[in-house]
Amino acid sequence: MPSTISDAQLIARVVVTDDRHAFGELVRRHQSAVRATLRKLTSGNAALADDLAQETFLLAYRNLKSFRQEAKFSTWLYRIAYNVFLGDARKTKESQLPEDMNIDEISLAASEDATGATRQSALKIDLERAMSVLSDAERAAIVQCYHNDLSHEEAASVLGCPVGTVKTHILRAKQKLKARLGAWAPE
Amino acid sequence: MNERVDNPGDDWIERALADASREHRAEYIADDGFTASVISRLPAPFALPAWRRPVVALLWICGGLAVMMSLPGLFDQLFRGVMAILMSHRMGLVDVAMALILLGGITWSALVYAARSE
């Protein structure tokens with residue numbers, strides 16, 4: 001299917017004629033972003049993220065008629081993905097850190113006498129690990145506003161909360177990250 | 001695009017988040033059968049049962065016969081009236097052929113309408 005066809009046209013085909021090829025094209029276009037977002041939300045658990053991404057697209061298919069084109073299709077998908085993630089998080093109640101995670105390693109990486117690219121990648125790894133200490137809501141706010149580059153208003157729509165709450169989550173998340181990654185702070 | 005992300009200023013955590021976000025957006029997760037897996041899990045498409053068309057056609061025929069049986073006088077009078085009109089006119093082969101074509105067309109249309117898929 002040619003990529004010149006817009007998301008809106010593909011959605012119309014799915015809604016009107018149940019065109020599964022059109023839906024397949026929508027999935028192909030957005031799978032990377034949705035899976036990447038869910039990997040961030042699940043602290044890098046790729047298998048769980050892919051399961052949740054599949055659930056997200058199935059829910060999107062079932063509810064496509066209710067999509068009003070008021071927001072971007074990707075934003076609508078992020079919203080479904082976040083709800084699916086929340087539903088799963090409630091079921092599993094897993095708020096513990098991954099087993100291979102050792103917070104103490106963070107300061108060790110920062111204290112190494114590394115510069116440039118090495119230092120940058122070490123900080124990235126530590127940041128990924130430190131994201132696990134955030135609450136689900138704080139992590140989701142960071143993922144939507146930074147990784148998915150949504151505005152506060154769009155993030156609020158995705159997360160289903162007021163804009164002020166999104167800002168608060170981001171502020172708290174950054175405070176926690178700063179505290180956790182204190183060894184990386186410039187002298 | 002968030003201005004905050006592109007202009008992180010001198011806040012080091014802001015810079016770290018912005019850098020990580022740029023890398024995140026640049027990364028592409030290969031499909032690797034993901035789309036096919038989603039499509040295979042979609043609910044089966046709605047399809048009309050195979051027996052629907054013959055049953056609908058049969059019901060139309062039964063309905064027509066029932067009307068004919070319940071109102072025999074009406075059809076008798078209608079038939080006589082039509083015959084009287086036809087007998088009072090000279091009819092050629094073309095007229096008969098046209099009548100047959102018209103009747104056939106009406107019957108065929110009724111059957112198509114009854115057997116349509118939607």
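## Helix 3 of chain A

In this predicted model, helix 3 of chain A covers residues 46–62, 17 residues in total. Helices here are DSSP runs of H or I with at least four residues, numbered from the N terminus. From first C-alpha to last, helix 3 of chain A reaches 24 Å, close to the 24 Å expected at 1.5 Å a residue; the expected span is 1.5 Å times one less than the number of residues.

The buried residues of helix 3 of chain A are A49(A), D50(A), L52(A), A53(A), E55(A), T56(A), F57(A) and A60(A). A residue is buried if 20 or more other C-beta atoms lie within 10 Å of its own, exposed if 12 or fewer, and partly exposed in between, with C-beta atoms placed from the backbone. These buried residues pack against helix 2 (20–41) and helix 4 (73–92) of chain A, and also against helix 3 (34–40) of chain B.

Residues are numbered from 1 along each chain as its sequence is written, and chains are lettered from A in the order in which they are written. Local features need pLDDT of at least 70, and side-chain atom pairs count only at pLDDT 80 or more, whereas totals for chains, interfaces and linings use all residues.

Helix 2 and helix 4 of chain A pack at an angle of about 35 degrees, their axes 10 Å apart. Axes are lines fitted to C-alpha atoms over the stretch in contact, and angles run from 0 to 180 degrees between N-to-C directions.

Helix 2 of chain A contributes H30(A), A33(A), V34(A), T37(A), L38(A) and L41(A) to this contact, and helix 4 of chain A contributes S74(A), L77(A), Y78(A), A81(A) and F85(A). Two residues are in contact if their C-beta atoms, placed from the backbone, lie within 7 Å.

## The nonpolar core

The largest nonpolar core has 51 residues, and those with the most contacts inside it are L38(A), A81(A), A141(A), I142(A), A155(A) and L159(A). Such a core is a set of buried Ala, Val, Leu, Ile, Met, Phe, Trp, Tyr and Cys residues joined through C-beta atoms within 7 Å. Helix 2 of chain A supplies the largest share of this core, nine residues.

Not counting residues up to four places away in sequence, I142(A) touches L134(A), I170(A), A173(A) and L17(B).

## Contact between the chains

In chain A, 30 residues are in contact with 23 residues of chain B. The largest share of the side of chain A that touches chain B, eight residues, comes from helix 2 of chain A.

Technical notes: Helices (H or I, at least four residues) and strands (E, at least two) are DSSP runs, numbered from the N terminus.
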